[in-house]
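User: Please go through this model with me in questions and answers. Keep to what can be computed from the atoms.

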Amino acid sequence: MTATTPTTTADTTTVTVLAVIPARGGSKGVPAKNLAPVAGSPLVSRAVRACLGARLVTDVVVSTDDAEIAAAARAAGAEAIHRPAAIAGDTATSESAVLHAMDAFEATHGRRVDVILLVQCTSPFLTPAEVNGAVEKITSGEADTALTVAPSHGFLWRETADATGAHGVNHDKAHRPRRQDRHPEYLETGAVYAMAADGFRTHGHRFFGTTGLVVTDPARVLEIDDPHDLARARALAPLLDAATTPVRADVDAVVLDFDGTQTDDRVHIDAAGTEFVSVHRGDGLGIAALRRAGLPVLILSTEQNPVVAARARKLKIPVLHGIDRKDLALKQWCEEEGVDPQRVLYAGNDVNDLPCFHLVGWPVAVASAHDSVRAAARAVTHTPGGAGAVREIAGWLLGPELHTPNS
């Protein structure tokens, strides 16, 4: 058995557990796949967060040849390690990237890696518990290698070139036992592989010695290889992701769409053609509280209607309206204000907000938003647009501060 058994004190862990996330810039099935957002977060960021949330993981690195992926990895809290071109092509193995990253990490940090993890961005619903489970198989001495698997009860078939026709792979077609009478079988999920580092160096591949299985929920298993997989992941995210909302420490600025976010998306028109909309007083209170807390707030709207500017004046916040490319305007505003887009909360409701969702760290959809917008959001309000959704968002960020007598 080559696995390392950890020794710990109350303050210090002597075992270095390094999670390596390989994320090349090129992808034939889904262009820029590792940066594709699911529930408002790039796939690489989701993988980083799963690893950072695992108690036994001490360090997380992303191995990449792409500057944008490296930036996203750092923004999510990981270290980025540049992958040389020689091991970044279509024929390069994941093992080569993991070995290179491990060498680079040890050279930079002066620490020996005890347990090495290979974590794939293409499994968007990976949980910290699954990552932890793989590490525990190694650190406990139970196994030299481990992987995540899902229970499988399917009957597999293989076609043959001779006249005998197809035959069963994991069953005898003349005898098909009930599921409860069959030995358990497991499908490799492709999400996480854990190895004792010394054994990995010796053998050069992810399976050696004794292999342990970390059984996962099959409902969460999805590997993204083509656009259809990505679409399924985005549809499933609202059902599978744990509910999460930002707090003040996560956000440096708030940007708000107007129609459908601060209004209920209806327009009243009088006989002269003048347009009227309804807003919610609670949203005004929320925006005032955000301003008092020192958070920059901006209204960003495609509408040229004077009511947008009038509402901004009332709230004493800046407005950019009549904007065709809201994403470009948002990017420029962030540069002018010196705000990192990953620290921006953007609230919207319709498809013209999606380009902005892809820029920011906290894309938020109001409850009444279009389905595609809700699917792309990192958080969704319980309140519809125009009914106090902005006040709800302010409550996430400020908590009890929003309920002071002056609010």
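**Burial, sheet and helix packing**

Analyst: S301 has 1% relative accessibility, so S301 counts as buried (under 20% relative accessible area is buried, over 50% exposed, in between partly exposed, with a 1.4 Å probe and protein chains only). This is a predicted model, where local features need pLDDT of at least 70 and side-chain atom pairs count only at pLDDT 80 or more, while totals for chains, interfaces and linings use all residues. Residues are numbered from 1 along each chain as its sequence is written, and side-chain values use heavy atoms, with hydrogens and water left out.

User: Which residues does S301 touch, not counting those up to four places away in sequence?

Analyst: S301 lies in the loop between strand 15 (297-300) and helix 8 (306-315). Helices (H or I, at least four residues) and strands (E, at least two) are DSSP runs, numbered from the N terminus. With contact taken as heavy atoms within 4.5 Å, S301 touches F258, V308, L320, H321, G322, I323 and K326.

User: Is A387 buried, partly exposed or exposed?

Analyst: A387 is placed in the loop between strand 19 (379-380) and helix 12. Its relative accessibility is 37%, so A387 counts as partly exposed.

User: What is the strand order of the open sheet of seven strands?

Analyst: Two strands pair if DSSP finds at least two bridges between them. The pairing in this open sheet is mixed, and the seven strands have the order 5-4-1-6-10-7-11.

User: Which residue in strand 6 is the bridge partner of V20?

Analyst: Strand 1 (residues 17-22) and strand 6 (residues 115-119) run parallel and are joined by four bridges. In strand 6, V20 has as its bridge partner L118.

User: Why is helix 7 described as roughly parallel to helix 12, and at what angle do they pack?

Analyst: Axes are lines fitted to C-alpha atoms, for helices over the stretch in contact, and angles run from 0 to 180 degrees between N-to-C directions. Angles under 35 degrees count as roughly parallel, over 145 as roughly antiparallel, 65 to 115 as roughly perpendicular and the rest as oblique. The axes of helix 7 (residues 281-292) and helix 12 (residues 389-398) are 7 Å apart, and the packing angle is about 30°. That makes helix 7, relative to helix 12, roughly parallel.

User: Which residues of helix 12 meet helix 7?

Analyst: On the helix 7 side the residues are G282, D283, L285, G286, I287, A289 and L290. In helix 12 they meet A389, V390, R391, A394, L397 and L398.
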